[in-house]
Amino acid sequence: MKLLILATLLGLSLAQFNPNTRDGKTAIVHLFEWRWADIAAECERYLGPNGFGGVQISPPSESIVVTNPWHPWWQRYQPIGYNLCSRSGNENDLRDMITRCNNVGVNIYVDAVINHMCGAGGGSGTHSSCGSYFDANRKDFPTVPYSNLDFNDGKCNTGSGNIENYQDINQVRNCRLVGLLDLALEKDYVRGKVADFMNKLIDMGVAGFRVDACKHMWPGDLSAVYGRLNNLNTKWFSSGSRPFIFQEVIDLGGEPITSGEYTGIGRVTEFKYGARLGNIIRKWNGEKLSYLKNWGEGWGFMSSDKALVFVDNHDNQRGHGAGGASIVTFWDARLYKMAVAFMLAHPYGFTRVMSSYRWDRNIVNGQDTNDWQGPPSNGDGSTKPVPINPDSTCGDGWVCEHRWRQIKNMVAFRNIVNGQAFSNWWDNGSNQIAFSRGNKGFLVINNDDWELNDTLNTGLPGGTYCDVISGQKESGRCSGKEVVVGGDGRASFRISNQEEDPFIAIHADSKL
C-alpha cells in the first residue's frame, strides 16, 4: 500500500513538470495585464498560427482597487477573494478566452496568488475589482471566507510582523511579505479554499499555474495543495493530464532558501538565467558570449527539466525581483532581441517570452519612480484594448515583443529544433558565437565591436536558406538575407557590428 501511495505521488509530481503544450509547441508568452477579450482574439489570429504553446495571464482573482497611486499593476497581487473578476474582465470573459484559446491549441496558465491576501493597510469596504466587501484591518474576507484564524501572524517572530531578515527561513515563510496578510497554508481549511479556487480554473480548461511568491510558502504546504488539484479538462487534454506547475522562487544565491527545495514538486523559475545572460549580453565585468558554451547546468542552474526560463519578467524589467540593472528588456531592443534569440535557440529549460506595455520611466538614483504604473488605461482606470497596427505591431502603449518578427520567428525555430542536440559550437574567444541544433537549425551572433566574417559548420543539409531574423520565407521567397549552405554543411557568414540585428538564424523550414 505504501509503495502504491509513493508511486501515485511520484506520478503526480512528475506530471506537474509537463507544460501540456500541444502539436510540438515549446514556448509560452506572458501577455502581462491584457484583457481576456484581447487574449482570446490574439490566440486565434496570431498565437495559434505562429506556434506559441500558451499564455501566462495576469491574476484573475478579485483584488483591491488602488487609486493612490492610480491603478498600479501590483494591485492585482493583492487579492481579497477568489471571485474571478479583475480589470481584465469578468468570469464569463475569462471562460470565453480559455475556451477560444484551447480551441486553437493555445494553453492558458494562470498567475495564482495564494501566499497572501491584500496588505494589512488595505482598509475596508468595497473598493475591490468585483465590488465585494472586505476588511483587511480585521482580516475579514467574507467572499472566501477567511477570518483572523486563517493567517500566520501568531507564528511570526518579528516586531513589525513583516519579514525583516531573509536569512531567517521562518520569517520568510511565516511573516508578511511587504505587509501582505500571510495565509496559514498549513491549515487544512486554507488549503481547501486555495485548491477549490485552482480547481475551478482547471475545470474551466486552464493547463496550469505560475504560482506567485513560492519562497514565502513551505514546500510541504504547496505539495499538499498541488496534491488536491484535479486532472485537466479532458475536452482539451488527454485523460489523466496533470496541471503544469511553475513556481516563482527568486534564488540568486546567498540565501538559505533555495530553488532546489521546490524542484521536486513542480518546475521553478530560474532567475539566475536572465540575470547572468544580461551581464553577458551587456558585456559587463568582462563577460563574453564565448562563455556560453556550457550554458545551463554548467553555470550552476537547476536541471533543465525543472527550469522555466526567461530573459525578463514583469517584476525585474522594473528593477524588482532579482537581477537588478543587468536585466535586458524592450527598452534595450537591440540587445533584447539577441538575448531572446539565444534563449529560444538554446535547449536549456522551458521558455517564456515577455509581452509588455510602456510606462513613463523616471530614473532617480538608479530607481524608477514610475515603476508602479499600470497598463494603458482610460480615465476611469479601466484597461485599454490592444490595437494591432497594419504592420502587425501593437499601438496605444502596448509593446508586444512577441509580435516582433525576430522573436516570433525564433519561437517557430524552437519548435522546429525541439529534441535536437546542441552541437557545432563555434566562438572567436570573444563575443561572436554560433551553434546548431542537430541538423535542423543554426544561430550565429556577433556582439563584438567589429565585423564577423567566417565560414562555419552549420550542421544543416546543403541548400539555400532564408535568414528568419532579417526577414522570412513567404510564398517560397525570402524577404531577408539568404544563406547558402554547401554539401559539407558549411556556409559563409558576414555580419557587421553596425547592423540593427547582428545575428542570423536559419532552420529546416526556412530552406528555399
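The mean pLDDT of the protein is 96, and 97% of its residues reach 70 or more. One stretch to treat with care is residues 6–10, where pLDDT stays under 50 and the model has zero contacts beyond four places in sequence. Where pLDDT is low, the predicted coordinates should not be read in detail.

Let us now turn to the helices. Two packed helices are described by the angle between their axes and the distance between the axes. Start with helix H2 (residues 36–47), which packs against H3 at an angle of about 10°, the axes being 8 Å apart. Because angles under 35 degrees count as roughly parallel, H2 is roughly parallel to H3. From H2, the residues Trp-36, Ile-39, Ala-40, Ala-41, Cys-43 and Glu-44 meet Asp-93, Leu-94, Met-97, Arg-100 and Cys-101 of H3. Sorted by class, this contact of H2 with H3 has eight nonpolar and three charged residues, and no polar ones.

The crossing in which H5 passes H6 is right-handed. On the H5 side the contact is made by Arg-191, Val-194 and Met-198, and on the H6 side by Gly-220, Asp-221, Ala-224 and Val-225. Four nonpolar, one polar and two charged residues make up the contact of H5 with H6.

The next pair is helix H8 (residues 333–345) and helix H9 (residues 405–417), whose axes come within 9 Å and cross at roughly 10°. This crossing angle is why H8 counts as roughly parallel to H9. H8 brings Tyr-336, Lys-337, Val-340, Ala-341, Met-343, Leu-344 and Ala-345 to the contact, while H9 supplies Gln-406, Ile-407, Met-410, Val-411, Phe-413 and Arg-414. In the contact of H8 with H9, 10 residues are nonpolar, one is polar and two are charged.

Finally, a few details of the backbone deserve a look. Most residues other than glycine have a negative phi, and most peptide bonds are trans. Against that background, which residues are joined by a cis peptide bond with omega of about 5°? They are Asn-68 and Pro-69, and Pro-69 sits in the loop between strand E2 (54–57) and helix H3 (91–103). Val-144 and Pro-145 are also joined by a cis peptide bond, with omega about -5°. You will find Pro-145 in the loop that runs between strand E6 (134–135) and helix H4 (169–174). As for phi, Asn-285 is not a glycine, yet its phi is positive, at about 55°. To locate Asn-285, follow the loop between helix H7 (271–282) and strand E11 (307–309).

Conventions
Residues numbered from 1 in each chain as written. Predicted model: local features only at pLDDT ≥ 70, side-chain atom pairs only at ≥ 80, totals over all residues. Heavy atoms only, no water. pLDDT = per-residue confidence, 0-100. Contact = heavy atoms within 4.5 Å. Left-handed = near helix turned anticlockwise from the far one by under 90°. Helix = DSSP H or I, 4+ residues; strand = E, 2+ residues; numbered from the N terminus. Nonpolar A, V, L, I, M, F, W, Y, C, P; charged D, E, K, R; others polar. Axes fitted to C-alpha atoms, helices over the stretch in contact; angles between N-to-C directions. Parallel < 35°, antiparallel > 145°, perpendicular 65-115°, else oblique.
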